[in-house]
Amino acid sequence: MSKNETDIIFILVLKRHQFMVKDPYLILLIILFPQVISDFDMTLTRFAHNGMRVPTTHNILDNRLLINEDCTKKELLNTYYPIEIDAGRSTEEKLPLMVEWWTKVHELLIDQRIRKDMLARAVKESSAMLREGYKVFFDHLAEHHIPLLIFSAGVGDVLEEVIRQNHVFHPNINIISNYMDFDHTGVLQAFKGQLIHTFNKRQGALSHAAHLRQVQDRPNVLLLGDSLGDLTMADGVTDTHNILTIGFLNDQVEERKESYINSFDIVLVKDETMDIPNAIVKYVTSSRYSK
Ligand SMILES: [Mg+2]
């Protein structure tokens, strides 16, 4: 395909979608030495399908194979999720409550003595679903040797299983997430390392991503997220030149629209597809300057 044809397809895809973009020229700036840094839950995975919420990596663990039905994890979600997305509260206000939520959930999971050998089945039985067009996204990045850093406040072991079962766990992928620590009999005994929640990705980026060479070699970043906290995921890239940010606004659209438009370069409203990121990635790789 010639460069002109790619340009036309790119513009057509952008026109077909309902989205808002602050500065379209930013797309041109990430062509050289690009990398992608993406959140996982509700960014690479769908928010809903046929009117039903798609489970997050934490929610996938709500399977009878892994935890008791009377486990109070759902009650925690009902208490803390409205706080996480509350446009009326500041990040500072939310932060201690998010730590409280994640800590309580992880303690509950440890109490449930989750078995490692049951994780793959729990993922298979779940309605976990990557966004439409995910295969093009993952495959295209891998084919063009563009690193993809998945930065998730979810559960790394479950995340890996989801992408593995969808056949897109390619070698260009690095993952920073909360990983389970199993004892010698394969029973969950703790979570490894520093806790990552929605609003401390900056610290996570500085302590983890700073050590990843692939991340440091690529100063131009396409960043995907669905939470304002995701905007700090590239803070571990020491020499960032340009960052193009795409925000998926899945829920509470009217209440959060303004803050999303002010914070992300492109905002996708209730879009369950990867069409826009795919168009941008293809545009970037079709450039003769890309490497
Ligand atoms: Mg998310």
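Helix H4 (residues 73-84) meets H5 (residues 91-111) through Lys73, Leu76, Tyr80, Ile83 and Glu84 on the H4 side. The H5 side contributes Lys94, Leu97, Met98, Trp101, Lys104, Val105 and Leu108. Contact here requires C-beta atoms, placed from the backbone, within 7 Å. By class, this contact has eight nonpolar, no polar and four charged residues. Nonpolar covers Ala, Val, Leu, Ile, Met, Phe, Trp, Tyr, Cys and Pro; charged covers Asp, Glu, Lys and Arg; the others, Gly among them, are polar. The model is predicted: local features need pLDDT of at least 70, side-chain atom pairs count only at pLDDT 80 or more, and totals for chains, interfaces and linings use all residues. Residues are numbered from 1 along each chain as its sequence is written.

The axes of H4 and H5 are 10 Å apart, at an angle of about 160 degrees. Axes are lines fitted to C-alpha atoms, for helices over the stretch in contact, and angles run from 0 to 180 degrees between N-to-C directions. H4 and H5 are therefore roughly antiparallel. The classes are roughly parallel under 35 degrees, roughly antiparallel over 145, roughly perpendicular from 65 to 115, and oblique for the rest. H4 passes H5 in a left-handed crossing. In such a crossing the near helix is turned anticlockwise from the far one by less than a right angle; clockwise gives a right-handed one.

Asp86 lies in the loop between H4 and H5. With 15 other C-beta atoms within 10 Å, Asp86 is partly exposed. The cut-offs are 20 or more such atoms for buried and 12 or fewer for exposed, with partly exposed in between; C-beta atoms are placed from the backbone. Asp86 and Gln252 are 166 residues apart in sequence, yet 8.8 Å apart in space, C-alpha to C-alpha. Asp111 belongs to H5. Asp111 has 12 C-beta neighbours inside 10 Å and counts as exposed. Its C-alpha atom is 8.4 Å from that of Gln189, 78 residues away in sequence. Asp251 sits in the loop between strand S10 (242-249) and helix H11 (253-263). Asp251 is partly exposed, with 15 other C-beta atoms within 10 Å. Beyond its neighbours within four places in sequence, Asp251 contacts Phe47 and Ile85. The C-alpha atoms of Asp251 and Ala48 are separated by 9.9 Å, across 203 residues of chain.

A further helix pair involves H7 (residues 134-143) and H12 (residues 275-286). Their axes are 9 Å apart and form an angle of about 20 degrees. That makes H7 roughly parallel to H12. This crossing is left-handed. Val136, Phe137, His140 and Leu141 in H7 meet Pro277, Asn278, Val281, Lys282 and Thr285 in H12. The contact has five nonpolar, three polar and one charged residues.

Within H7, Tyr134, Phe137, Phe138 and Leu141 are buried. Seen down the axis, the buried residues of H7 fall within an arc of 90 degrees, so they line one face of the helix. The arc is taken over directions from the helix axis to the C-beta atoms. Their cover includes strand S2 (34-38), strand S5 (148-155) and H12. Just after H7, His145 takes a positive phi of about 55 degrees.

Overall, the protein has 12 helices and 11 strands. These are DSSP runs numbered from the N terminus: helices are H or I, at least four residues, and strands are E, at least two. Of 291 residues, 39% count as buried.

Definitions and conventions: Contact = placed C-beta atoms within 7 Å.
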